[in-house]
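Trainee: I have a new structure open and would like to learn how to read it. Could you walk me through a few features?

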4 protein chains.
Amino acid sequence: MTTKHKTIRTEIGWSDSTSITLFGKDFPSEILGHLNLGDMGFLELTGRIPNPAESRMFNAMVVTLVEHGITPSSIVARMTYMGAPESLQGAVAAGLNGLGTVFVGSIEGTAKMLTEAMPRPDGQTDYKTIASSTVDAFGSRKQIVPGIGHPLHKPIDPRTPRLFALARETGFDGPYLRLMEAVSDEAARRSGKVLPVNATGAIGALCCEMKFDWKICRGLGVMARAVGLVGHILEESRNPMSGEIWRLVDERATQHFREPSPAKN
Amino acid sequence: MTTKHKTIRTEIGWSDSTSITLFGKDFPSEILGHLNLGDMGFLELTGRIPNPAESRMFNAMVVTLVEHGITPSSIVARMTYMGAPESLQGAVAAGLNGLGTVFVGSIEGTAKMLTEAMPRPDGQTDYKTIASSTVDAFGSRKQIVPGIGHPLHKPIDPRTPRLFALARETGFDGPYLRLMEAVSDEAARRSGKVLPVNATGAIGALCCEMKFDWKICRGLGVMARAVGLVGHILEESRNPMSGEIWRLVDERATQHFREPSPAKN
Amino acid sequence: MTTKHKTIRTEIGWSDSTSITLFGKDFPSEILGHLNLGDMGFLELTGRIPNPAESRMFNAMVVTLVEHGITPSSIVARMTYMGAPESLQGAVAAGLNGLGTVFVGSIEGTAKMLTEAMPRPDGQTDYKTIASSTVDAFGSRKQIVPGIGHPLHKPIDPRTPRLFALARETGFDGPYLRLMEAVSDEAARRSGKVLPVNATGAIGALCCEMKFDWKICRGLGVMARAVGLVGHILEESRNPMSGEIWRLVDERATQHFREPSPAKN
Amino acid sequence: MTTKHKTIRTEIGWSDSTSITLFGKDFPSEILGHLNLGDMGFLELTGRIPNPAESRMFNAMVVTLVEHGITPSSIVARMTYMGAPESLQGAVAAGLNGLGTVFVGSIEGTAKMLTEAMPRPDGQTDYKTIASSTVDAFGSRKQIVPGIGHPLHKPIDPRTPRLFALARETGFDGPYLRLMEAVSDEAARRSGKVLPVNATGAIGALCCEMKFDWKICRGLGVMARAVGLVGHILEESRNPMSGEIWRLVDERATQHFREPSPAKN
């Protein structure tokens, strides 16, 4: 390690014997009882208290990401709880570990794509042209365009029109949503498939409208899913499925050992 | 493994091509845009949408647990992010792993203590007597009474009067809060120390008022802290302190190797 | 936080520009190429290099815990990798999170039971009598006696005779193994069931023979399983099963939503 | 999710009432007592038991990665244990989460670089030319060449000559080590700095000699560090430093709140 000394400094907050200050606010009198949990998330990401439109839109974005029923992350949390029921926090932590590039990463991917594609304020904003070169660029890198299409929800993701309606209502229906729609149209036109904007695509575009750095967008999914995983662990504690999942997977995965193939002669 | 087959079944929800149903509600039309993130947490824990008083009280409870500035869990999340900046979810997961018996566990401990001590509805409710035997029981087991006193906040935890005021406002100012105050008074009387109800004590008592199973109370802390840890990782990405913490700890921890004690002759 | 300053100090080791010292040894010349990975684990737990008998016995103990095929922890690691293939470390971390009281905890439970039951060196060592009161104590607390019986391996756990043979060969066939066998015999006699010492029971007893603190015994399982989980992730990367597990669990868990029960009339 | 059924199948192993088979071997009689923990890691990665040279070399590689004294991962494990001492596995899991691209990832980066740069068996093997274009490629992508240089160990990493000597002794001193040295020489020549092969560079090259897929190389670091983190948790349980680290970091990070800058007038 080098000997160069650097600063250790937080602007988030501090406490003394009689007060707690967070983001420049007196926590008991200015935050507690005034902000809901989603507002608190907005405060963590921006350093300021959301106005009513921001509160409404941001809460909808994170609420969308809380609960998707049976998913790899909820199965992981349940099976971890089976082995360590004394450690609820470990089961949530295990479930969050899988929120990487494949699932929640598509929010980040969308926000990065739109951030990089969006022209400067004084530039041309022919979204159709921008979308075309964006889809080209993904194609040339053999990457999938993020934020469009859904393996189950067809022809549309039922969350997207609702999120777009909330965006219109709260004034977040801006250029990034237009560009996202143009990307979706262009990708669909080329592929001949139905590829509408999905929920993570809508949320990625809304993150851009809210001026969040794309590098932190995965954080919306992580904070939201922590809420949902607690619900799965509660259900698992009352009506467990982990033991049966184990039995089922083990039985199938080792069946070829148990039932050797018949002789070939 | 045994061969006894058991059920794999969730009541949380499911999706098909055109709909998403969670806790018996149509997600896009009945939840999205209607509930905030805290309400969604309440829904996960109870299976029903909170009424306005429940929403207000529950959001205040979890908001209290989001952010405590520099803590072991925020240091852990930051230092994990230093090594794996591509894995924001891993840094949050690492931070949550420390929310065990010592910190967030005191909510659970309080809720368990109050649940077990509270008499049946038709029983005597002389809180002073119940508190006395509760404090006795902890003393005889050489355990610390949870939910009272604070190493920094003296003479009172500034969050507690605010949480109690919100409880009065929302109608959750019930028998468990009375019993918690009686326990605090009794412990203080015996020890001669100032041992007021702290924030986790207030939240533990409020969990009882909301009829949450004490086994899931740690979940409030886990879901809340996930929100706060994302904020710490964002700050770390912009103004890192982890490298300097490493340097500082290493320097101190190995100083005795570097500067051997003077010769004894 | 209090203002009382405490020491930050490690005895494990340190480096300077030309040397690395670990546990008082010059790492490149005295450890590297001389110790195997299990020996390194022994060094971490005891601060000293194992002699040949200790090396042989300790390596056998941890090797026993590396790989159990399809288990909750290997399913968890695989399903986490599915979502975050860029984060192999997160998949291993998730899998380790489930090594709590239910599975690996039985080593710890066995070691604690034997440590507390074993009389002082100058005391009576009538193992049958000690075993009888130990089984009594567990029964009166309605706890299961750890380290005996196995849901699958009947009538004996095939690892136990091998571990006991290695103990005889290496000179670790001492009083804790005798006591463990007496506990097994006593529990079997009372229940009328076949309850032989299982692998975690043997390893817990061997931890006592090696004078490990029972509080760290879980660590043997954790270090060993980390090795095995890497193997499962490698197999998952080549021939994935996680997607199919997800599909299967989701299908079963939500079947009741899809196929409503017939009308009751 | 799609309805396409896929296979759930493991080749790792299975058990029945009287036997345990792993990687085609009878575990009690063919593995237990014959393999050490590092050999078991080799078996997990290759599916076969190492020969004596492979055992010696592979054990040295992973032993190198077990323990680096005070590091971000050991600080993380210790601070997690402070909050959840009942969950040793959670503390190890937290510590492993930071073994990402920045630290252990350099093994992977080295192995990937060498794998991609190495010509076909029948091609030219002018390592100097290959090294030159490799360093060019990293430069043009503004990436750091992995596996060379060290912030502390100067002029050489003391582990590297020892690992290279073991490679010669065991017959793993092949083309990937030659290429790694050529890359180091070329990078040093251009930069004018001392940039010798460091320990992760040597291990990355040895992974190539052993024909491990570069995608799994991070796994060597993960399995090894799990062993070391148990040692740190043991020391933390006996002589804790976490509380003092917390106090120290909090004091520094919030000092600017406590001691406002003097008035500017």
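Trainee: Which residue forms a salt bridge with C:Lys128?
Mentor: Side chains of opposite charge can pair when their charged atoms come close. In this predicted model, C:Lys128 pairs with C:Glu186, the closest N and O atoms being 3.8 Å apart. That counts as a salt bridge, which is a side-chain nitrogen of Lys or Arg within 4 Å of a carboxyl oxygen of Asp or Glu. C:Lys128 lies in helix H7 (residues 127–140) of chain C and C:Glu186 in helix H9 (residues 175–191) of chain C, so the pair ties together parts that are 58 residues apart in sequence. Helices (H or I, at least four residues) and strands (E, at least two) are DSSP runs, numbered from the N terminus.

Trainee: Is C:Lys128 buried or exposed?
Mentor: C:Lys128 is exposed, at 55% relative accessible area, while C:Glu186 is buried, at 3%. Buried means under 20% relative accessible area, exposed over 50%, and partly exposed in between (1.4 Å probe, protein chains only).

Trainee: And what is the spacing of B:Arg190 and B:Glu186 in helix H9 of chain B?
Mentor: They are four residues apart, about one helical turn. Their salt bridge has its closest N and O atoms 3.0 Å apart. B:Arg190 is partly exposed at 37%, and B:Glu186 is buried at 4%.

Trainee: Where do A:Glu244 and A:Arg247 lie?
Mentor: Both are in helix H12 (residues 242–253) of chain A, three residues apart.

Trainee: How many salt bridges does the structure hold over all chains?
Mentor: There are 72. Some join into a network, as with A:Lys128, A:Asp136, A:Glu186, A:Arg189 and A:Arg190.

Trainee: What is the order of the three strands in the open sheet of chain A?
Mentor: Strands of a sheet pair through backbone hydrogen bonds, either parallel or antiparallel. Here the order is S1-S2-S3, with antiparallel pairing. Strands S1 (13–15) and S3 (25–26) of chain A stand at the edges with a single partner strand each, so one side of each has no neighbour in the sheet. Two strands pair if DSSP finds at least two bridges between them; S1(A) and S2 (residues 20–22) of chain A have three. A:Gly13, for instance, has A:Leu22 in S2(A) as its bridge partner.

Trainee: How should I read the numbering and the values?
Mentor: Residues are numbered from 1 along each chain as its sequence is written, with chains lettered from A and ligands numbered from 1 in the order in which they are written. Local features need pLDDT of at least 70 and side-chain atom pairs count only at pLDDT 80 or more, while totals for chains, interfaces and linings use all residues; side-chain values use heavy atoms, leaving out hydrogens and water.
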